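I opened this entry to keep track of what I looked up, element by element. My notes follow the order in which I went through the model.

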Amino acid sequence: MAVNVSVNSGNGKSGGAAASTATASTATAITGELPADAAFATRAIHAGYVPADNGRAAVPPIYASAAFDLGDASRGDALAAGELDGFEYSRVANPTVDALERRVAALEGGIGAVAVGSGMAAVTYALMCAGEGGGRIIAPSNLYGASVDALGDFLPQFGIHTDFVKNVNDLDEVASKIGPDTRAIFAETVANPSTELLDIEPLARLAHEHGVALIVDNTVPTPYLLRPIEFGADVVVHSTTKGITGHGNAIGGIVVSGGTFDWANGRFPQFTARQQVISDDRNGEWHSFAEKYGKAAFIKRIRIKYLRTFGAVASPFNAYLSLVGLETLPQRVSRQVESARRIAAHLTRTPHVVKVNYSGLGNTPQFDLVGKYFPNGVGQILSFLVDGSADNVRRIIDGTRLFSYVPNIGDARSLIVDPAHITHREVPAEARVAAGVTDNLIRLSIGLEDAADLIADLDQAIAAAY
Ligand SMILES: *Cc1c(COP(=O)(O)O)cnc(C)c1O
């Protein structure tokens, strides 16, 4: 049996310390038997899973087991000491979840990943892991509603504060907010729902000049359309609920580390302080995350402190659904992008539609960023503003027959929602407007139905609403 080069294990005192040197730090560790230069679509099907290690099952099995046999006493001791890779307890690591982590890390070009129970667990774990102990985050307000609430209203309760910027692509504005306690800049690569694009490369450069990390939420484009680590992002988070799983059937999230950031640069005391969970006081050995894990310190800390303590675990069943979904990610997203572009263009010519937000249209001020970062398109999310009253918006939503009225994105089904009342309802009015979420905004997530059918459905719903 090939060694399962796992980052993962530990339920006990040394929880997950089994990470060791074998941490997914080489291409083969993540991609299994794949050639290092395997293309994206090939990795989407094969990366991170080795049938020979799994009863030769062609499809990753669902390991519905809370815990794993430690073998004999000496193996148990080696596992717990982190000298051996393997699985102990599914709160910290599980073979099905492990395959998903390796596959997404391989697709994003990261050194490792930790899958969690939801996209919000991924967002909050990553932000807290960077900001913990009184740090500050810089972020725009055009974020997913629950992320705005976390940064503005909830994380301050834990001593982590956010300096909001109007335009995160304005380097002067961002630089003016960097202070001694700043730990990270956080933004969505394609904002939900405005589809505003992040200019990652100069922002990463600015952040790194100051020893600050760049953490991005790459949910909307998925790694098929954009791989932020290639442009300098340090940590990528996803709601796998959306395009990655792709069928609207499993809540999940994942944190991916690029492995290039120096967490021992002096801004992050939590990474250089000695920590009991990765130490061995029986033998008088004390370690910090930075000293023990080097470039993998961040992703190790997510697993060993955050997942192990806060416990928002990805279930093996959901991980399995995400793995199956990932197999068709390139094909699904490219078709959805093609349909989204057609629908966005059609809406610009549709009566009662006063504005279409879609960065892929070719008529936005951000078109240079599309060329630089999104050669395969900006995604399947678009939104539009209609004239008239809230009543007209309601009638459009109720009048569609093919679009499901669902507060989700990235599904195989096409979805419609009124963000001001649903996804961004709790966001304060000022931040809501800053995020482009006004009362007459309608968001679409384009699925895999025939584009002409979707256009006809929108046409009849809009015409009948006035
Ligand atoms: C949906 C979403 C989230 C939250 O993900 P959940 O899986 O619902 O917890 C975070 N960020 C973005 C951009 C999202 O679209």
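I started with His-352, which sits in the loop between α14 (329-347) and β10 (353-357). The model is predicted, and I read each entry below with that in mind. His-352 is not a glycine, yet its phi is positive, near 80°. Is His-352 buried or partly exposed? I found 17 C-beta neighbours inside 10 Å, so His-352 counts as partly exposed.

Next I went to Thr-222. Thr-222 also has a positive phi, about 65°, and is not a glycine. Thr-222 belongs to helix α9 (residues 222-225). Thr-222 counts as buried because 28 C-beta neighbours lie inside 10 Å, and the cut-off for buried is 20 or more.

Then I checked a peptide bond. The bond that joins Asn-192 and Pro-193 is cis, with omega about 10°. I placed Pro-193 in the loop between β4 (182-188) and α8 (200-209).

**Ligand shell**

I asked which residues are closest to the ligand. Ser-118, Gly-119, Tyr-144, Ser-239 and Thr-241 are the closest, in a surrounding set of 17 residues. I sorted the shell by residue class and got six nonpolar, eight polar and three charged. Which helix gives the most to this shell? Helix α5 (residues 119-131) does, with three residues.

**Lys-242**

I looked up the record for Lys-242. UniProt, in an unreviewed entry, lists Lys-242 as "modified residue: N6-(pyridoxal phosphate)lysine". I located Lys-242 in the loop between β6 (235-239) and β7 (253-257). I counted 24 other C-beta atoms within 10 Å of Lys-242, so this residue is buried. I then set aside the neighbours within four places in sequence. Lys-242 is in contact with Thr-219, Ile-409 and Gly-410.

**A parallel pair and its crossover**

I moved on to strand β2 (residues 136-140) and strand β3 (residues 161-165). β2 and β3 pair in the parallel sense, over five bridges. Arg-136 stands opposite His-161 of β3. I followed the chain from β2 through helix α6 (residues 145-154) to β3, and this β-α-β crossover is right-handed.

**The five-stranded sheet**

I traced an open sheet of five strands in the order β10-β11-β14-β13-β12, with mixed pairing. Which strands are at the edges? They are β10 and β12 (404-405), each of which pairs on one side only.

Strand β11 (residues 381-386) pairs with β14 in the antiparallel sense over five bridges. I noted Ile-442 in β14 as the bridge partner of Phe-384. Strand β13 (residues 415-417) pairs with β14 too, antiparallel, over three bridges. I found Val-417 opposite Arg-443 in β14. Leu-415 has Ser-445 of β14 as its bridge partner.

I then asked how many residues of β14 (residues 441-445) are buried. Five of the five are, so β14 is largely enclosed by the rest of the structure. Side chains of a regular strand alternate between the two faces of the sheet, so I checked the two sides separately. Leu-441, Arg-443 and Ser-445 are buried on one side of β14. Ile-442 and Leu-444 are buried on the other. I conclude that both faces of β14 are covered.

**Asp-411**

My last stop was Asp-411, in the loop between β12 and β13. Asp-411 has 24 C-beta neighbours inside 10 Å and therefore counts as buried. What does Asp-411 touch, not counting residues up to four places away in sequence? I listed His-247, Gly-248, Ser-445 and Gly-447. Ser-445 had already come up as the partner of Leu-415 in β14. I also took a distance from Asp-411 to Val-97, which is 314 residues apart from it along the chain. Their C-alpha atoms are separated by 21 Å.

How values were computed. Residues numbered from 1 in each chain as written. Predicted model: local features only at pLDDT ≥ 70, side-chain atom pairs only at ≥ 80, totals over all residues. Near = placed C-beta within 6 Å. Helix = DSSP H or I, 4+ residues; strand = E, 2+ residues; numbered from the N terminus. Nonpolar A, V, L, I, M, F, W, Y, C, P; charged D, E, K, R; others polar. Pairing = 2+ DSSP bridges. Right-handed = clockwise from strand over helix to strand, strands pointing away. UniProt positions renumbered as here; feature names shortened; annotations may be inferred. Buried ≥ 20, exposed ≤ 12 C-beta atoms within 10 Å, placed from the backbone. Contact = placed C-beta atoms within 7 Å.
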